[in-house]
Amino acid sequence: MDFRRYPESNFCSTPIKIGSLFPIVVLLSLLSTLSESNQVGDGVTIIDATGKYVMPGGIDPHTHLAMEFMGTETIDDFFSGQAAALAGGTTMHIDFVIPVNGNLTAGFEAYVEKAKISAMDYGFHMAITKWDEAVSKDMEVMVKDKGINSFKFFMAYKGSLMINDDLLLEGFKKCKSLGALAMVHAENGDAVFEGQKRMIELGIMGPEGHALSRPPQLEGEATGRAIRLAGFVNTPLYVVHVMSIDAMEEVAKARKSGQKVIGEPVVSGLVLDDTVLWDSDFQTAAKFVMSPPIRAPGHGKALQAALSNGVLQLVGTDHCTFNSTQKSLGIDDFRKIPNGVNGLEERMHLVWDTMVVSGQISVTDFVRMTSTECARIFNIYPRKGAILVGSDADIIILNPNSSFEICSKSHHSRSDTNVYEGRKGKGKVEVTIAGGRVVWENDELKAVPGRGKYVKMRPFNYLFDGIEKADAEYLSSLRAPVIRRTMHVAA
Ligand code: URP
Ligand code: ZN
Ligand code: ZN
Ligand code: ZN
C-alpha cells in the first residue's frame with residue numbers, strides 16, 4: 001500500500017481517508033487499492049507503509065528545554081530536544097515556562113526567545129512560584145492572550161520553586177475562574193528538606209541519599225493533599241510525574257469518587273528502578289537523579305498496570321537533561337546534583353515495547369496515551385492528536401517488526417549519557433512527518449530550526465464540563481434546609 005505525502009502542510013486535503021474516529025490507528029495495508037486507483041501529481045512523495053502502523057505523532061505533555069535549574073541550564077535546548085523528539089516519533093511537546101523572579105510576563109518572553117529555534121510545534125504550561133496581585137492578573141493575560149491553559153505548582157524544591165498551601169489554594173481558585181488546568185509537582189517539600197538533613201547527619205552524601213531523603217510516602221502525602229484541596233475548590237487537577245504506588249493510589253481513590261484528576265506517569269518511572277542509585281560509580285548513579293525519585297522495583301510495574309486499567313491517562317517524559325559535567329555539581333553532596341533525566345527520543349519506543357508488545361495495552365490505547373489524550377486535555381484536539389481532515393499533518397509510521405536500540409553515541413540529545421543506555425526492544429518509528437514534512441526517514445533527521453510553531457491552547461477543556469453544575473448543587477445543599485436556632489436567655 002502506498003501512503004501519499006504532499007510537500008506542503010496541506011496534507012489534510014489528501015484523498016486518503018485514514019480513519020475518522022478517536023483515536024485512530026490504521027494499518028495502511030488495509031487500504032490496499034488506493035495507490036493504484038488514485039492519480040498523484042508532481043511533487044507528491046509516496047511512502048510505502050505496508051504492514052506498518054500509521055498514527056498521529058506523539059505529544060509529550062512534560063518537558064524542560066533550556067531550563068535554568070539548580071545552578072545550571074538543561075543541556076537540550078528547543079532545537080536539540082526537539083530533534084531528539086522527532087527522531088523518536090514525537091511531533092509536539094508542551095514545555096514549562098519558569099517565571100523570572102516570579103514574573104510571568106518576563107518568563108513568557110524569555111521562553112518565546114528560547115523557542116525561536118524550534119523545529120517542531122510546541123506549547124507552554126507556566127509555573128507559579130509566588131503570589132500577589134500582579135501574578136493573579138498575569139495569569140489572566142496568559143490565558144486570554146498568550147495561549148496558556150495550564151499552571152504548575154511545585155510543592156517541593158524548598159527555597160526555590162516551592163509554594164505553600166495558601167498559594168496552592170489561591171492558585172487553584174484562579175485556575176478555576178480562568179478555565180485553566182492546575183498541575184502539581186506533588187512532594188512534601190518541608191519533609192524532603194528534613195529527609196535531606198537526616199541523610200547529611202548520617203553521612204550519606206551520594207546519589208542514594210536522593211532517593212532515601214524523599215521516600216514515596218512524601219509523594220503520596222502531597223498528592224493526596226493537592227487532590228483534596230482541588231476537590232475543596234472543585235477544580236480539575238493534573239498530577240505530573242506520578243512516580244510511586246503511593247501517589248498513584250491517591251489518584252485512583254479520587255477518580256473512583258468521581259473527582260476530575262489526571263495522573264501522568266513518565267517513562268523513567270514506568271521502566272526504571274532505583275537500584276542504580278547505589279552504583280559505586282558516581283556518574284552511573286547521578287544520571288538517574290530526578291524528582292520525585294525513580295522508585296524501588298515494583299513501583300514501575302504498578303504504574304504500568306494503572307495505565308492499562310485507566311487509573312493513569314497519558315505518558316510524559318519530564319525530559320530535563322544534564323550531562324556528566326553538570327551532574328558532577330553534586331559529586332560531594334546529592335542535594336546539588338541537577339535533577340532530571342532524558343526521554344523525549346525514547347518515550348514512544350519504550351511505551352510501545354513495554355506496554356503494547358507485552359500485551360498490556362492495545363495499539364489504540366497506545367495512540368491515546370502518547371498523543372490523543374494529551375491533545376484533549378490541553379484542548380488542541382483534533383488539530384493535534386488525530387489524523388483527520390483539518391488536523392495538522394503530524395504523522396508517524398511505526399514498524400512493529402523492526403527493533404530499536406538506545407545508545408548515547410547515536411541519540412540526538414546533546415547529553416553524553418542516556419538513562420536507557422543499551423535498552424533494546426521491538427517496534428521502531430521509521431518515519432516522522434511534522435507539519436507535512438518528512439523529518440525522519442531511513443535513520444536520517446531533517447530537522448530545521450525555526451520551522452516549529454507555537455500552538456496556543458484554549459481554556460475550559462472537557463474536564464471543566466459539569467463543574468458549574470456541581471458548584472450550584474453544593475451551594476444549594478448549604479442553604480437547605482435552613483437551620484432555625486432559638487436562643488435561651490438565662491432568667
Ligand atoms: O527532576 C525533575 N523532575 N526535574 C525537572 C523539574 C521537575 O520537577 O519537573
Ligand atoms: Zn516536577
Ligand atoms: Zn518536570
Ligand atoms: Zn551506547
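These notebook entries follow what I looked up in a predicted model.

I kept to residues numbered from 1 along each chain as its sequence is written, with chains lettered from A and ligands numbered from 1 in the order in which they are written. Because the model is predicted, local features need pLDDT of at least 70 and side-chain atom pairs count only at pLDDT 80 or more, while totals for chains, interfaces and linings use all residues.

Ligand 1: I listed the surrounding residues (C-beta atom, placed from the backbone, within 6 Å) and found His64, His185, Met290, Ser291, Asp318, Cys320, Asn339 and Gly340. I sorted this shell into two nonpolar, five polar and one charged residues, taking Ala, Val, Leu, Ile, Met, Phe, Trp, Tyr, Cys and Pro as nonpolar, Asp, Glu, Lys and Arg as charged, and the others, Gly among them, as polar.

The axes are lines fitted to C-alpha atoms over the stretch in contact, and angles run from 0 to 180 degrees between N-to-C directions. In the contact of helix 5 with helix 8 I counted seven nonpolar, no polar and three charged residues.

Helices 3 and 4: I noted that the axes of helix 3 (residues 104-114) and helix 4 (residues 133-145) come within 9 Å and cross at roughly 40°, which makes helix 3 oblique to helix 4.

Technical notes: Helix = DSSP H or I, 4+ residues; strand = E, 2+ residues; numbered from the N terminus. Parallel < 35°, antiparallel > 145°, perpendicular 65-115°, else oblique.
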